[in-house]
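I opened the model and kept a notebook of what I looked up. The entries follow in the order I made them.

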Amino acid sequence: MMKRIHIATPSKRYEVVIGNELLHMMDRMIDRVCPHVTAVLIITDETVASLYLADVQQALHQTYDRVYAHVIPSGEEAKSFEQFYACHTAALTNHLDRDSLIVALGGGVVGDLAGFVAATYMRGIRFVQVPTTLLAHDSAVGGKTAINHPLGKNMIGAFYQPELVFYDISFLSTLPKREMRSGFAEIIKHSLIYDRAFFGWLQANVEKIEDLNGERLQYAIQKGIEIKAAVVSQDEKEHGVRAHLNFGHTLGHALESELGYGVMTHGDAVALGMLFAIFVSERFYNQPLFYSSFRTLFHHYGFPTSLPSHVSPERLLEKMKKDKKAKDQTVRMVLMKEIGTVCVERISDEQLLQWLYAFAEEGGEACDSSDSRGNDCEQ
């Protein structure tokens, strides 16, 4: 069954359309929200191109005469200035104008890069997100577009909303388990920062990654997007509550940067970052959050639960201080008071380094069994 989710931000209102086997409707849905398109440039990566590009081109040719494609390498490394430049070259070579449209066909890397290209080509043209991964349920919604810099992830970019997010979950059928797990981390994140009942549903209905299929998969995606939509509608440009969506990302982004982009999946890095955030939260707020239960649960799903032994806590601290939430070189982390209740807190270098060392030394002790209760908190 097709589901429509309405996204409302100060700069734009648009829809996320979710369903199975929707490809035959793509051209009409795009035409409805993007009239008078002169040309379409599909930006995708090598993996997705081999699977779906021909079908998407055929679907778009039902309405549009000029449909072009530009294929980037697969992987996080493609979120680079060189690929950003190459996309602009493709747009110029194919004579795109201000009434043209960019279609981001792929996962989060493609969406972030193509969105930033759309935001900057001729000072901004329309674009549509067509996610092909579970992880992209998060990145395709909310208008964050960016490329990476060797000194930090997503440091060069813009807030730029799409005209439409067209989410055909049949595209996910070819995803390897590793990538499904990566996307599941962001779904868990959405439940932990906003909706304790949804977290309970995930525990009851997703015992293993393979359980994410059919109606359960669509419901999990829908809930994750609805939570993100609720947060983004309150704070489009991350001046306040939108920062809560970065739960797990302060350490997660530091790990990705330190290890080299693509060595650890984004979701695995965020899952480890969430565990660290819960570990820190127990100590910062001096209250039990049953960290060991979360560690056992994450291990059961296949997420990493300890820092790579060769990674230096001092190096991670330096990377964390370059996080976009940091102010005056002081780390600001999203911490969890209870499930559904998170806040942004400043943490000193000395204290954070001590906790990084303690987290690195954590063993695999048996878990506690309990849960927690949450209410809203003011930042």
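**Entry: A118**

I looked up which residues A118 touches, leaving out those up to four places away in sequence. I found I102, G124, I125, F127 and Y160, where contact means heavy atoms within 4.5 Å. A118 sits in helix α4. For helices I use DSSP runs of H or I with at least four residues, and for strands runs of E with at least two, numbered from the N terminus. A118 counts as buried because its relative accessibility is 0%. The cut-offs are under 20% relative accessible area for buried, over 50% for exposed and partly exposed in between, with a 1.4 Å probe and protein chains only. I also noted C87, 31 residues from A118 along the chain, with 9.6 Å between the two C-alpha atoms.

**Entry: what I am looking at**

This is a predicted model, in which local features need pLDDT of at least 70 and side-chain atom pairs count only at pLDDT 80 or more, while totals for chains, interfaces and linings use all residues. Residues are numbered from 1 along each chain as its sequence is written, and side-chain values use heavy atoms, with hydrogens and water left out.

**Entry: the whole chain**

I noted 13 helices and 11 strands in the protein chain. Its C-alpha trace spans about 60 × 40 × 35 Å along the principal axes.

Of the 379 residues, 60% are buried. Among contacts with a separation of 6 or more, 76% join residues 24 or more positions apart. The chain exposes about 15600 Å², and carbon and sulfur atoms supply 49% of that area. Accessible areas come from the Shrake-Rupley method with a 1.4 Å probe, and for residues only the protein chains shown count as cover.

How far apart are the mean positions of the positive and negative charges? I wrote down 4 Å, for 37 positive and 47 negative charges. Lys and Arg count as positive, Asp and Glu as negative, and His and the chain ends are not counted. Each charge is placed at NZ of Lys, CZ of Arg, CG of Asp or CD of Glu.

**Entry: helix α1**

In α1, residues 26–33, the buried residues are M26, D27, M29 and I30. Seen down the axis they fall within an arc of 165°, so they line one face of the helix. The arc is that of the directions from the helix axis to the C-beta atoms. Their cover includes strands β1 (3–8), β2 (13–19), β5 (101–106), β6 (126–131) and β9 (164–168), and also helix α2 (46–60).

**Entry: helix α12**

Which residues of α12 (residues 313–320) are buried? I listed P313, L316, L317, K319 and M320. Around the axis they cover an arc of only 160°, so they are on the same side of α12. Among the elements covering them are α9 (249–259), α10 (266–285), β10 and α13 (349–361).

**Entry: R178**

R178 lies in helix α6, residues 177–194. R178 is partly exposed, because its relative accessibility is 38%. Leaving aside neighbours within four places in sequence, I found R178 in contact with G262, V263, M264 and T265. D268 is 90 residues from R178 in sequence, yet 8.9 Å from it in space, C-alpha to C-alpha.

**Entry: two buried loop residues**

I339 is in the loop between β10 (331–338) and β11 (341–347). At 4% relative accessibility, I339 is buried. I339 and S191 are 148 residues apart in sequence and 8.0 Å apart in space, C-alpha to C-alpha.

D211 is in the loop between α7 (196–205) and α8 (214–234). D211 is also buried, at 11% relative accessibility. Beyond its neighbours within four places in sequence, D211 is in contact with N205, V206 and R216.

**Entry: positive phi**

Most residues other than glycine have a negative phi. H95 is not a glycine, but its phi is positive, at about 60°. H95 is in the loop between α3 (81–93) and β5, and H95 is exposed, with a relative accessible area of 60%.

M122, not a glycine either, has a positive phi of about 50°. M122 lies in the loop between α4 (108–120) and β6. At 33% relative accessibility, M122 is partly exposed.
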